[in-house]
There are 2 protein chains.
Amino acid sequence: MSRPGLDQGPGDGPLAIICGGGSLPFVVADAVQRRGRRVVLFAVRGWADPQRVAAYSHHWSTLGRFGRFCRVAREEGCREVVFIGVLMRPKLSQIGLDLGTLKVFPKIITAFRGGDDHMLTSFARIFEQHGFRLRGAHEVAPEILVGEGPLGRYGASARDEADIARGLALIEAAGHFDVGQATVVADGHVLAIEAAEGTDQMLARVAELRRLRRVQMPHGVGVLIKAPKPGQDRRFDLPAIGPQTIAGVARAGLAGLAVVAGETIVAEPQAVAVAADRDKIFVVGVRGHGGAG
Amino acid sequence: MSRPGLDQGPGDGPLAIICGGGSLPFVVADAVQRRGRRVVLFAVRGWADPQRVAAYSHHWSTLGRFGRFCRVAREEGCREVVFIGVLMRPKLSQIGLDLGTLKVFPKIITAFRGGDDHMLTSFARIFEQHGFRLRGAHEVAPEILVGEGPLGRYGASARDEADIARGLALIEAAGHFDVGQATVVADGHVLAIEAAEGTDQMLARVAELRRLRRVQMPHGVGVLIKAPKPGQDRRFDLPAIGPQTIAGVARAGLAGLAVVAGETIVAEPQAVAVAADRDKIFVVGVRGHGGAG
């Protein structure tokens, strides 16, 4: 049996994209294809969007079918893998184990015990032990990352900059607990910290607190700050923004949002800039705390 | 004009209770009265419950009428003040300033700029400069505090204890940002951190994440941990639990809740124990991180 992928240098050959929910997998796939590289989607059943998956060379699978993934990916000539898209922590009983998975089972059990970062890093190690190189979306398509400075027409005020600094410091402090990729800070006050609920729901909560007048700061005060957790494995789960983030920031009555330049994926940057300008919201890439790998 | 309060020693004379929303002011007032001390409620219009206030010696006021408060409290013979109950950060324009307030206005503006703790500590200093001693609810009625150990029939498992330790550490870390008096930790994973939304809403969020299967841990895994922020002025805003906290913990599918012994008010301890036992939920007072004043 030929294993063409194993004879190619890093960065060559088709890229396997293990594809969860949301639009990010397709943003990455498109960017990689524009660079002239072939992609093969391994769409995770129940999460990946079937209509969008159909437009690419693809295979359907469940998360648990690791043995099958290894075989098919090798047949396709892939030796690099990107793991991207929404994928909630599955129940062990729902994974659908195959033989190849059972062999690495003790490692997976261990991976499930720790926090998310621990789990993801363990997965990465398992892939690498089977001859695949795990890549981050930022490595295979750096043009999808937010750069330094404003993305649209508006910029951050001095008060916004103070809120951004406070938010970044809080994310760093909370991140040691494997939590908190985002926070909302308004005039020095932390209005919300994200944990399991996700950024969109956190923004909806701030909007609701404002509506109920439990937050009484004027409209246009406050910033959404998103940053990778310190020590987070950047090959998984880089923070991402898209047009729906702008909509959430606008509904929450904030001045804008700040992300870490070079460590945040922006889906549809043009649409983000247009939406931000229309809603008079700033989007800015800032330098992070730099503590992470 | 006689100022009887000013001639008495600390702890003597009637106690002025500046009374915000919720039931805690009455829990404190009842406990103080049971000790044979007179209370005078200064009920904050728009927040304090008029029906319950009516059962006590009281005066209505707005937050801004500091000059009037000083005069009336002195006439009543009060020289100690407790400040308790829900009181959202008001808009400056809604406070309704009087002359005595205008005199301390620059200090109040300063107080509004910082985080909550900063604001509260500044308020305390202003009271003290006008001859009043600010007391914490825990000083005037220590019997309303949670003691060490379980409150009801159930106790924490070893896994719960690990979650409790992690939650306390997170509250300490986040507390340096003047945020996060509570968190939910389940088998090492931080599911939620409280900011401006309050504990009840945070618990409702965890219940919803479970309902949507975005948190897939089994029912009965996870702990609500509440603790004062490090450095929090204990004379304001001690964490509090009551029967509704138990109801929220039960709906969120958690095993129980942990609070810091000696630094948490329990409204209706009997009702809390009965509700916890009925829902098979543990309530435990633990030692805090001890970093706070």
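What follows is a short chat about a predicted model.

Me: What ipTM and pTM does the predictor give the complex?
Reply: An ipTM of 0.72 and a pTM of 0.76. In this predicted model, local features need pLDDT of at least 70, side-chain atom pairs count only at pLDDT 80 or more, and totals for chains, interfaces and linings use all residues. Residues are numbered from 1 along each chain as written, chains are lettered from A in the order written, and side-chain values use heavy atoms, without hydrogens and water.

Me: What pLDDT does chain A average?
Reply: 82, and 80% of its residues score at least 70. pLDDT is the predictor's confidence in each residue, from 0 to 100.

Me: Where in chain A does pLDDT stay under 50?
Reply: Over residues 1-10, with 16 contacts beyond four places in sequence. Contact means heavy atoms within 4.5 Å. Residues 88-98 of chain A are also below 50.

Me: New topic. Is Arg135(A) buried or exposed?
Reply: Buried, at a relative accessible area of 16%. Buried is under 20%, exposed over 50%, partly exposed in between (1.4 Å probe, protein chains only).

Me: Which side chain does Arg135(A) touch through a polar contact?
Reply: That of Glu80(A), at 2.8 Å. A polar contact pairs N or O atoms within 3.5 Å; within protein, one must be able to donate a hydrogen and the other to accept it, and residues adjacent in sequence count only if both atoms are side-chain atoms. The C-alpha atoms of Arg135(A) and Glu80(A) are 6.5 Å apart, though 55 residues separate them along the chain.
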